[in-house]
Every structure is written in C-alpha cells, then in structure tokens.
Amino acid sequence: MQADVIENRTFDEIAIGESAALTRTLSKDDIALFAVMSGDVNPAHLDQPYAETSTFHRVIAHGMWGGALISAVLGTRLPGAGTIYLAQDLRFRKPVGLGDTITVTVTAREKRPEKHIVVFDCRCVNQNQDEVITGTAQVIAPTDKIRRPAVPLPEVQIRRHDRYDELFAHCAGLEPVRTAVVYPCDRSSLEGAVCAGEGRLITPILVGPERTIRSLAEAEKIDLAGCEIVDVGHAAAAAAAGVELARASKVEAVMKGSLRADELMHAVVAAGTGLRTERRMSHAFVMDVPNYATPLIVTDAAINISPSLIEKRDICQNAIELANVLRFEEPRVAILSAIEHITKKIPSTLEAAALAKMAQRGQISGGLVDGPLAFDSAVSTEAARQAQITSRIAGRANILLVPDIESGNMLVKQLTFMSGADGAGIVLGARVPIMMTSPADKLRTRLASAAVAVLVADAWRRSSLPASAAASMA
C-alpha cells in the first residue's frame, strides 16, 4: 500500500482563487486534547452542567480549535510543506458545539512576489453552511517543490477518570455511614477519612493512638473538628477495637488505615470475635479503567489465596450482588482462565465450567456467568469473535473472577500501573462492608471506596434483615 504523502504548492504554482479544504466533526476527545495541549480549562468547554447555564446552553469548542484547523490546511495542503506563518486575523461568528461538522477552506487572494508572501481568505462553515469563522492569513509560501511521505502520528488515548462520578451521584442524599477508621496514622489514610466525612459519605470514628493522630493532623493541616477518636495504642489493638465497634452495631462499616491488610483481616476473621458470616468473605476491586466501556469489578485479588470451587461460588455471588447494589445494568461475570476450552491440565478451566453450570441451575443468581474465558476474550469483542466464542458475556464482561490471588493481584496492578486504572477496594461477606484502601491509593480512589461502602450499607438498611443476615446477601 502506498504511503500517504505531503506535496506542496510553491509560490510560483499558486494561482489567485486557488483553494483547499478539510472537514472535521467536533468530538469530546477533540476538546479534551485541545484543553490538555493549551491548558485552557474554561468550563464552557469541559463542564457540561456549567455549559448548559452559559450563553450558548451547550459545550462549545475552544475558538482556536477552528484556528488550528486553518493552520492544518495551510501547513499540509495549500501551500503545504515549507509554509511559514506570518499573521492571522480571525472573526468568530458562531460557536462550534459537540457534533458540529466544520469545513475549513482557504483561498489564495493576493500574492506579493518580493517576499513570496501569499494572503489567503479563510472561511469555516458548519453542516448548515453557517459561517462560524472568517478571516485572513498571511504566509511565506515555499519556493522549492516538496513531495515526501507524511510522518505517521502517534496514537493518543484520552484517559477519562469519570466512572466514579456515577458512584458519588448514587450516594447523593444518603445518610453518612458511621465508620470505624482503623489506625489512620499516615497522611493519606487520615486525609481520606476526613475528606470522606466532609463529603458526607461517612461519619469517621478514628480508632488509634490519639496523640499520634492529632500530631499528624496538625502537621498536615487536617481539620479533625467533629471527628470522634477512640484512643487505642497500637495497630493490632486498633483493629480489634474497630471490629468490636462493628460487632456492637456502633458502626456500619470499617475502613483500613495505615496498618497492614493482614493485621486488619486477622481481627476481622477471628473466630468468636470477628465479623464472619455464613458467606465466604471476598475482596472486590471496583475499577475505573480508562477507555473500557463499562465499570469493572475484579475479584478476588486480595484475600482468598487459592479458593476452592465452593469458595469461588461465594466469591462470584458476592460480586454479583455488589454489582446490583452499584446499579450495574446487567452483571456479566467472566470466569477467567488461560484458555477457553476445558482441560484437566488447567484446573481453573474445570472450575470455570462448573461455575457456569451452577449459574444455569440457579446455584448462582442475579447475573450472567460464563467461563472459562481468557482475559482478551472476556473484555474484547474482536478477540471473542476471532476465537469464535458465542456468549452474552464474551467481550462485554463487567465482573472478572480470577483463578487465584496471584493472577488477580497481577491483573489489578497491570491495569493500575500500565493502563492508568483506579481500583476502589471493598471486602464483602462480613457483617459490615470493609473499605480496604492501599497506601498508593489516590484521594479520589479512597473516596470511591467509601462511596461503595455507603451504597452497600444503604442496601442493608433498606432490607428488613439484621446486618449479619444481610451480609450473607451482599
């Protein structure tokens, strides 16, 4: 296939009245890219609720987006390669909104031989032939003929982290959840808890050494006004105290602070004093993966090391019920393995097939379940098509059930560090939801973990069951 080429028109070749044009339809990504490149974050271009109250009642393009298109015509088509911009005079006649199709035309109006200057009339019209930009441009036209392959452009992706906005919107108007924040003794965990309180997601009960917590708050300028503190000396004692507050129904949720996850879970799973229910506990990451079409849950990548078939059944049911609480349109569970066919050489394929059959027979309910599916077939319709897989889940999964903690941990970290994803963590199957935050979590991810816990706790409030029984349902 012949490569695209750029060929210019020299000063001598350009005729008065000669023109060139291009057409472009304005997309949300165009606006985002221009804002990132220019630093112009005017809400008229980026904030739809604000834009709807503005003069034009809609999101509009930056004015110079159209100016950049004029530059593109001059630099690549007429005169083309070797053109030097001297001046541009533009009039912005009408706004350009999302979905508008703009045709940009430049027409040679005047030639000045002494310096090889060409003056162009510039005109941009929308799909209704309304003028949106008019003006002139002056350039020095090239004198040497240039014809060469066009330089391939890099692929650019817009990473949007707006999936959690849906969670926050679902929490609007709900009562804050009384939450035991266990050992918030570093900046990120204390700030996350306080900000979640200020956002009326939780009412934080800080459980840990009071002197340390107050000193940290003073050093980091974190306002603890209104925060109750339960003074406990060390991390293990704080974990036990937080769990006891939940057992006594004094809190509706637990949030991990700066202690290790195993320190908190040791108290949570302790026989007789912990937060066990009849349901197997499992961890779920509620992921915000840029450019993936749906919200995504990955389970279990943090608690169950090598779960049995029956334990995977509980893990699957926990995730489906979480998806329903989070208002997924349709929970679609992909039971992951390395391949799609069943073989005794890879035990996870056997278990995946068994789980799919259990779902068919109603032993797992509330969502669609299929497996075994490889990761690519689970999330890519093209990969599923090439693998000749016919399934309502393949390519459209919004819950990924991993074979074991090793594969799950690697998957989540790959999504986080190579794809820019965020993962709000929560433990399910206990008497109360447990927010399992990570030291590397951004503030927004910590708030998202709180929002997930709020929605789970609210679902339990609205049921007629006590918390321990409701915990076996979600």
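**View 1. Val-254 and Ile-434 are bridge partners in this predicted model.** Ile-434 belongs to strand E18, which covers residues 434–435. Strand E11 (residues 253–256) and E18 run parallel and are joined by two bridges. Both strands belong to an open sheet of 11 strands with mixed pairing, in the order E10-E9-E8-E11-E18-E17-E12-E13-E16-E14-E15. The edge strands of this sheet are E10 and E15 (368–373), each of which pairs on one side only.

**View 2. Strand E9 is joined by bridges to E8 and to E10.** Strand E8 (residues 177–182) runs parallel to E9, with six bridges between them. One of the residue pairs is Val-182 with Val-207, the latter in E9. The chain passes from E8 through helix H6 (residues 187–198) to E9 in a right-handed β-α-β crossover. Strand E10 (residues 228–231) also runs parallel to E9, and four bridges join the two. Here Val-207 stands opposite Val-230 of E10. E9, helix H7 (residues 210–220) and E10 form a right-handed β-α-β unit. Six of the seven residues of E9 (residues 202–208) are buried, so the strand is largely enclosed by the rest of the structure.

**View 3. Asp-288 is buried and has no salt bridge.** Asp-288 lies in strand E12 (residues 282–288). The nearest side chain of opposite charge is that of Arg-163, 4.9 Å away, whereas a salt bridge requires a distance within 4 Å. The backbone nitrogen of Arg-163, however, lies 3.4 Å from a polar atom of the Asp-288 side chain. Leaving aside neighbours within four places in sequence, the residues in contact with Asp-288 are Arg-160, His-161, Asp-162, Arg-163, Tyr-164, Ala-421 and Asp-422.

View 4. Arg-187 is partly exposed, at 38% relative accessible area, and Glu-191 is partly exposed at 25%.

**View 5. Arg-112 forms a salt bridge with Glu-110, and Arg-332 forms one with Glu-330.** The closest N and O atoms of Arg-112 and Glu-110 are 3.0 Å apart. Arg-112 is partly exposed, with a relative accessible area of 25%, and Glu-110 is partly exposed at 31%. For Glu-330 and Arg-332, the corresponding distance is 3.4 Å. Glu-330 is partly exposed at 24%, while Arg-332 is buried at 6%.

**View 6. Glu-7, Glu-13, Lys-145 and Arg-147 are linked in a network of salt bridges.** The count of salt bridges in the model comes to 26.

Conventions
Residues are numbered from 1 along each chain as its sequence is written. This is a predicted model: local features need pLDDT of at least 70, side-chain atom pairs count only at pLDDT 80 or more; totals for chains, interfaces and linings use all residues. Side-chain values use heavy atoms; hydrogens and water are left out. Buried means under 20% relative accessible area, exposed over 50%, partly exposed in between (1.4 Å probe, protein chains only). Lys and Arg count as positive and Asp and Glu as negative; His and the chain ends are not counted. A polar contact is a pair of N or O atoms within 3.5 Å; within protein, one must be able to donate a hydrogen and the other to accept it, and residues adjacent in sequence count only if both atoms are side-chain atoms. Contact means heavy atoms within 4.5 Å. Two strands pair if DSSP finds at least two bridges between them. A crossover is right-handed if, with the strands pointing away from the viewer, the path from the first strand over the helix to the second runs clockwise.
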